[in-house]
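Subject: Handover of a structural model

Dear colleague,

Please find the structure below, together with its sequence.

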Amino acid sequence: MKAVRLNEFGGPEVLKIEDVPEPTPRSHHVLIKVDSAGVNFADVLRRGGNYPGPDLPSSMGLEAAGTVMEVGSDVTGISVGQKVMGMGPGSQAEYVAINGSLVFPYPDSLDPVEAGGMPIVFLTSYHILKSRGQMQSGDTVLVQAGASGVGTVLIQLAKAWGAKVIATSSTQDKLDLCRSLGADVTINYTEADFEAVVKDETGGDGVQLVAECVGGEVLEKSVRCLASYGRLVSYGNASQTQANLPSSDITSNNRTVIGFSMGRSPRGSLDHQGAMAEMFPMIASGQAKLIVDQVLPMAEVGKAHQPLASRGARGKVILTP
């Protein structure tokens, strides 16, 4: 079968389409014939040697959707022929074997191409807001990078669950997208001091929850946007720069800074199945949707990395075999 392979770290040109053996599923695996596979910023970091993964050479990708071809003996609730989405390594390929606990049969109304880009952004958003962020209806939530794959879903879920949403982005086009998804306030962080705008919008009180993925100075300022007893969930460091967080910025207002990595969470610590079961009706009804930046053939995987690396993507980039 064909798969996206990484033999050395470097630019998009190091990504190759190579022939590799079709995976042999173990007893807890589901073998999926891939319809589509999502591209994530973690793939960009992995290509550059800045994200953990198996020794090189290795296959790329962290999520996919397709048709179940084989079900391991220890897996229940999934049948051959079902359309499913799931999270697992090596998913940018024609076939992938994924742990059954991370495979989700999806509603018939869902587009099979869009499905491949949904698991990571929807589950990440769910756990940021609910499992880790403990968001409550009536909270004000600050979403950094609101036009990103995760950001677009965060806005929709937070609004659906009763929050006021403030979203940041870098262009008017992206801010318009955030508004269309329900953001109450949008801030162009290249033109305005988002910390000052947040304080003004909240009457100086700050927000109850921040979803932050940029790191560096943005993380520092985001902490200061928190209200007393507010929570910040840091789920990435896209800038690849360090932050300086004085303890006084945290302790003086009883603020909480929470780290979150779905891929590094202990197995079984997050209820992915329950989360997807809660979100699928929202997706089926149109209450929450995936924003797709572009769909490309797998052979153009290098091109797929470019909008993510340059922070130019509006939503999700998806590959098809």
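Predicted model: local features only at pLDDT ≥ 70, side-chain atom pairs only at ≥ 80, totals over all residues.

Residues are numbered from 1 along each chain as its sequence is written, and side-chain values use heavy atoms, with hydrogens and water left out.

The six-stranded sheet

An open sheet of 6 strands runs in the order β11-β10-β9-β12-β13-β14, with parallel pairing. Strands here are DSSP runs of E with at least two residues, helices are runs of H or I with at least four, and both are numbered from the N terminus; two strands pair if DSSP finds at least two bridges between them. β11 and β14 (256-259) each have a single partner strand, so one side of each lacks a neighbour in the sheet. Ignoring direction, neighbouring strands of this sheet are turned by 15 degrees against each other on average. For such angles, axes are lines fitted to C-alpha atoms, for helices over the stretch in contact, and values run from 0 to 180 degrees between N-to-C directions.

Strand β10 (residues 164-169) has 5 of its 6 residues buried, where buried means under 20% relative accessible area, exposed over 50% and partly exposed in between (1.4 Å probe, protein chains only). Strand β9 (residues 140-143) pairs with β10 in the parallel sense over 4 bridges. Across this pair, valine 141 stands opposite valine 165, and leucine 142 stands opposite isoleucine 166. On pairing with strand β11 (residues 185-188), β10 again forms 4 bridges in the parallel sense, with alanine 167 opposite threonine 186. The chain passes from β10 through helix α5 (residues 172-180) to β11 in a right-handed β-α-β crossover. A crossover is right-handed if, with the strands pointing away from the viewer, the path from the first strand over the helix to the second runs clockwise. β9, helix α4 (residues 149-160) and β10 also make a right-handed β-α-β unit.

The three-stranded sheet

Another open sheet has 3 strands in the order β2-β1-β4, with antiparallel pairing. Its edge strands, β2 (15-19) and β4 (58-59), each pair on one side only. Strand β1 (residues 2-6) is joined to β4 by 2 bridges, and leucine 6 has serine 58 as its bridge partner in β4.

Helices α3 and α9

The axes of helix α3 (residues 119-132) and helix α9 (residues 272-284) come within 10 Å and cross at roughly 105 degrees. That makes α3 roughly perpendicular to α9 (65 to 115 degrees; under 35 is roughly parallel, over 145 roughly antiparallel and the rest oblique). The contact, meaning heavy atoms within 4.5 Å, involves residues including Phe122 and Tyr126 of α3 and Met276 and Ile283 of α9.

Isoleucine 128

Isoleucine 128 is found in helix α3 and is buried, with a relative accessible area of 0%. Leaving aside neighbours within four places in sequence, isoleucine 128 is in contact with residues including Val150, Leu154, Leu209 and Phe260. Isoleucine 128 and glutamine 306 are 178 residues apart in sequence and 26 Å apart in space, C-alpha to C-alpha.

A colleague
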